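Biologist: I have the sequence and the model open side by side. Could we go through a few of its local features?

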Amino acid sequence: MVNYNPKMYFTRLFYGLLLLLQAAPVMAQKGIPLVKNFGTVDYGAGIQNWQIAQDSRGLIYVANNFGLLEYDGNLWRNYGAPSGTKVRCLTISADDKVYVGSQGDFGYFAPNAQGSLQFTSLADSLPASKRNFDETWRVFLDGNKAYFCTFRHIFVFQNDKLWKVLDPQAPLEPSFYVNHRLYVLLKGVGLMQYKGDKLEPLPDTEALAHSSISAIIPYNQQQVLITTFQDGIYLYDGHKLERWQTPAASLLEPAIINDALLLKNGHFAFGTQSEGLVITDRNGVLQQQLTKERGFNNRTVLSLFQDVNSNLWVGMNNGIAFVELSAPFRLLNEQAGLPGTGYTALLHQDTLYLGTNNGLYRLDSNHASPELVPGTRGQVYSITQLGNHVLMGHHNGAFRIGKQKAEPLFKTTGFWMFKPLRQAPDKLVGGTYNGLTLFDKVASTDSWKYLKPLKGLEESARLMEQAADGSIWMVHGYKGAYNIRLSANADSILSAKHYNTSHGFPSNNRINVYRIENDLVFPAETGIYRYNPTTDRFVLDEKFTSLLGADNHVEIMKDDAFGNIYYVSSKEIGVLRKDPIKGYVKETAQFNRLLGLLNDDLQNLTVLSDHSLLLGAKEGFIHYNPFEQAPDNAGFKTLLRTVQTTSGGDSLLYGGHGKGFKQSPELNHNANSLKFSFASTSYDALSRPRYQYYLEPYESNWSAWTNQSEKEYTNLPEGKYTFHVRSQNSLGQQSQEALYTLTILPPWYRTAWAYSLYVFLASAMLLLMLQFQHRRHKKEKDHIVRRQEEELSLRDTQLEEVARKSEEEINRLRNEKLMAEVEHKNKELATQTMSIISKNEFITDIKENLSSISKKSTNREVMHELQKIVRDIERTIDVDIDWEHFQYHFDQVHGDFSNRLRSSFPSLSPQEIKLCTYLRLNLSTKEIAQLLNISVRGVEISRYRLRKKLGLNREENLTDFMLKF
């Protein structure tokens with residue numbers, strides 16, 4: 001809404017008060033306010049609605065047959081009582097706890113940790129003797145105390161703990177809380193007041209002892225107004241009870257009053273059983289009545305509540321209604337008794353004339369609804385006041401409206417309008433379907449009569465205005481404009497010049513003419529034009545075109561006594577508010593709500609003589625009172641209603657209550673699809689609020705304005721997000737932002753631990769790579785070293801081979817030398833052995849010869865000497881000593897052969913060792929026999945025995961075995 005400076009406010013206030021003092025009060029009482037009805041299909045609960053309240057955020061709560069209803073301006077929610085019973089009453093604490101009373105229970109709804117409302121029963125804390133009660137009809141709060149009123153007890157809780165139980169002797173009627181006083185009606189006793197922790201009787205209230213009180217509301221500082229269901233209305237000052245004498249009593253008392261409310265403007269609202277909603281002033285004069293087929297869908301009103309914006313919420317026997325009492329608009333439609341589409345209107349003295357396609361209706365202070373003027377049935381086009389006369393343009397001709405009926409002036413098919421002539425006050429020009437007509441004033445009767453048609457122009461003349469030079473500008477919807485000049489006595493047409501696109505208009509279509517600022521303006525298909533007589537062309541009016549838009553088609557323009565210009569265009573409805581400093585200030589917000597309601601056939605906008613405004617609507621008229629501006633609604637709020645994840649099924653994060661929106665939940669990465677729903681507490685009967693939002697840092701700018709009340713995001717990356725949302729009401733006012741912050745955690749593979757693991761693995765891989773590289777380099781180095789070593793080894797091997805070959809050659813030579821030496825030694829041994837054998841043979845021969853001689857000799861001495869020599873010889877040929885010397889030298893040559901043989905074969909005898917030695921020397925059997933001093937046969941037997949001890953097979957050669965051993 002535009003902010004005006006103090007000087008402008010003062011000017012408007014001054015002229016407003018002046019005109020209000022002069023204006024007739026007819027329109028202040030007529031028409032019905034804007035109403036929005038909610039049925040059970042809309043709010044999804046029971047038909048009856050017993051009490052209504054509003055919390056600090058602007059949410060509306062209703063006690064309903066099916067539970068607790070909540071409305072946020074967009075959607076209804078139903079919180080059923082745990083016991084499944086009807087909720088009869090409610091009230092809301094400063095911290096937005098919703099205290100309710102129901103059948104057999106009472107307690108409060110408060111948000112849980114998730115932000116969803118949850119019921120806590122306080123009745124369950126009652127003593128068992130008091131727990132069994134029927135219904136809780138009233139609940140009141142006073143500071144930290146709560147009063148739950150049933151028909152038998154009043155339970156007083158302090159800080160949600162039972163503090164006192166009032167148990168009067170008589171049954172209780174519903175209780176009431178007014179000006180911090182609790183009033184209780186005891187059946188058969190009278191009205192009581194809770195005071196000093198007990199109920200005290202009030203004086204002079206015995207007349208109410210057998211009545212049923214429906215409401216007690218403040219009347220003034222000393223008195224309260226008491227309504228009963230069937231026994232009338234009373235005023236009570238604490239000492240004296242008296243009847244409220246009011247003109248509305250005849251309507252209210254038979255209607256049965258169910259509830260009453262003191263409105264913020266000082267009026268009283270009464271909810272009745274059979275007559276709907278009745279609003280009176282402080283004196284009981286009827287101001288408004290809404291009932292079935294007059295704004296409401298039901299005639300029984302059970303509860304009333306006025307919200308922070310002065311609008312009225314009505315709980316009915318079947319439904320809920322929202323009444324925009326604070327809006328400056330009222331409807332005059334068929335529900336208000338006016339059938340048809342609105343085309344023209346006129347306020348004449350105390351009578352309002354309303355022309356529709358069904359006829360002309362009039363409304364005055366003596367009638368509650370418009371009445372058809374006899375003789376006017378059919379399409380009405382215009383109503384004109386000329387002095388004390390009211391003239392009507394009708395499809396059936398021209399009429400004068402009398403007190404009883406319409407009198408025809410000129411019968412023709414299609415009469416648009418009348419236009420008085422300044423140069424000839426006794427003449428009147430009329431526009432018809434086929435041109436202009438002339439009317440003359442009858443002086444004797446002060447009335448008008450038809451004279452003749454004005455020939456020279458036969459076009460439809462729906463709109464006409466007279467210029468300062470006396471000529472008449474007539475516009476045609478599809479052909480442009482005509483300038484008509486009349487004769488001096490205005491009885492004929494001198495000329496009729498046609499103006500079209502060749503004279504400056506953007507097209508020939510949709511051209512209108514209106515008198516604004518006492519000059520003529522011509523709204524064209526686009527832009528506003530004025531006639532320039534110097535160039536005889538139409539030129540664009542820069543001021544109005546810039547204000548209303550170069551591409552905007554203005555259908556109608558009218559100004560009022562303040563200089564304000566009201567207009568209806570193809571894009572908007574508004575007013576150019578006259579400001580003494582700024583010039584014109586454009587206002588459209590509150591009027592644009594009416595766009596879908598206005599008549600789009602022949603648009604009509606009428607500034608009445610009381611300076612209010614009537615706009616022709618599809619259904620009747622819409623009345624605008626500029627002196628009843630809506631209260632500032634800038635305090636409305638945008639509320640986050642739900643926040644939920646939609647990944648893998650919905651999961652609620654925030655239920656719309658409490659301080660859950662200030663928390664910052666952390667969500668798993670698989671919960672990265674979110675849905676936000678929101679609402680605005682700017683309640684409106686005609687339009688819905690618009691929203692803007694963005695998700696920071698996912699989005700950087702506000703979205704376009706939209707009527708959608710939810711937004712969904714999918715597959716969001718990890719990070720911290722803040723959702724921003726704000727709303728704009730029908731007046732163009734914006735709310736503060738609502739915020740919700742949350743964090744989407746990264747997937748496990750993008751967490752800090754994972755990154756630490758990645759760093760560790762990367763480091764490990766780097767180390768492994770370094771180690772691998774190191775090992776590869778080392779391997780290459782080792783390979784090079786090994787290759788060098790191999791080359792060196794090869795060289796060493798080659799050298800070693802050369803050395804080995806040399807050594808082998810040396811060894812071969814040495815071995816050959818050794819073999820030669822062995823061979824030589826063997827030869828020496830063999831020679832020695834052969835020598836020994838020869839020697840032994842020789843000696844043996846000598847011994848045998850001597851023995852033979854001895855045996856043959858007869859000489860004893862000679863025989864004795866010979867025997868002695870034989871014995872000496874035998875001693876001489878004792879081979880043992882010779883053998884030991886032989887064996888020593890033999891073992892040196894043959895690798896300690898004798899000892900090895902004895903170790904391997906310990907069972908061998910010395911004689912067999914000798915045999916083996918001789919076999920090693922490769923001696924023959926005969927040679928061995930001589931050395932062993934045995935026979936050849938004895939050698940063979942010895943060889944046989946030796947083979948057995950050695951374990952030789954028959955195929956193995958004994959000599960070869962010894963040579964290889």
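Biologist: How are α11 and α12 oriented to each other?
Modeller: This is a predicted model, to begin with. Helix α11 (residues 925–932) and helix α12 (residues 936–950) pack with their axes 8 Å apart, at an angle of about 100°. Angles of 65 to 115 degrees count as roughly perpendicular. The orientation of α11 and α12 is therefore roughly perpendicular.

Biologist: Which residues of α12 make the contact with α11, and what is the make-up of that contact by class?
Modeller: From α11 come Thr-925, Lys-926, Ile-928 and Ala-929, and from α12 come Val-936, Val-939, Glu-940 and Arg-943. By class, the contact of α11 with α12 has four nonpolar, one polar and three charged residues.

Biologist: Where do the buried residues of α9 lie, seen down its axis?
Modeller: In helix α9 (residues 897–904), the buried residues are Phe-897, Ser-898 and Leu-901. Seen down the axis of α9, they fall within an arc of 95°, so they line one face of the helix.

Biologist: How many residues of α10 are buried?
Modeller: Helix α10 covers residues 910–920 and is mostly covered. Among its buried residues are the charged Glu-912, Lys-914 and Arg-920, along with Ile-913, Leu-915 and Cys-916. Just after α10, Asn-922 takes a positive phi of about 60°. Of the 11 residues in α10, the number buried is nine.

Biologist: Which strands are at the edges of the open sheet of four strands?
Modeller: The strand order is β35-β36-β37-β38, with antiparallel pairing. Neighbouring strands are turned by 25° against each other on average, direction ignored. Two strands pair on one side only, and these edge strands are β35 (380–386) and β38 (406–411).

Biologist: What is the bridge partner of Ala-398 in β38?
Modeller: Strand β37 (residues 397–401) pairs with β38 in the antiparallel sense, over five bridges. In β38, the partner of Ala-398 is Phe-410.

Biologist: Is Tyr-514 buried or exposed?
Modeller: Tyr-514 is in strand β47 (residues 514–516). Beyond its neighbours within four places in sequence, its contacts include Leu-463, Glu-465, Val-521, Pro-523, Ile-556 and Met-557. Buried means under 20% relative accessible area. At a relative accessible area of 6%, Tyr-514 is buried.

Biologist: What separates the C-alpha atoms of Tyr-514 and Asp-559?
Modeller: Along the chain, Tyr-514 and Asp-559 are 45 residues apart. Glu-555 and Lys-558 are among the contacts of Tyr-514. The C-alpha atoms of Tyr-514 and Asp-559 are separated by 9.5 Å.

Terms used: Residues numbered from 1 in each chain as written. Predicted model: local features only at pLDDT ≥ 70, side-chain atom pairs only at ≥ 80, totals over all residues. Heavy atoms only, no water. Axes fitted to C-alpha atoms, helices over the stretch in contact; angles between N-to-C directions. Parallel < 35°, antiparallel > 145°, perpendicular 65-115°, else oblique. Contact = heavy atoms within 4.5 Å. Pairing = 2+ DSSP bridges. Buried < 20%, exposed > 50% of the residue type's maximum accessible area, 1.4 Å probe, protein only. Arc of directions from axis to C-beta.
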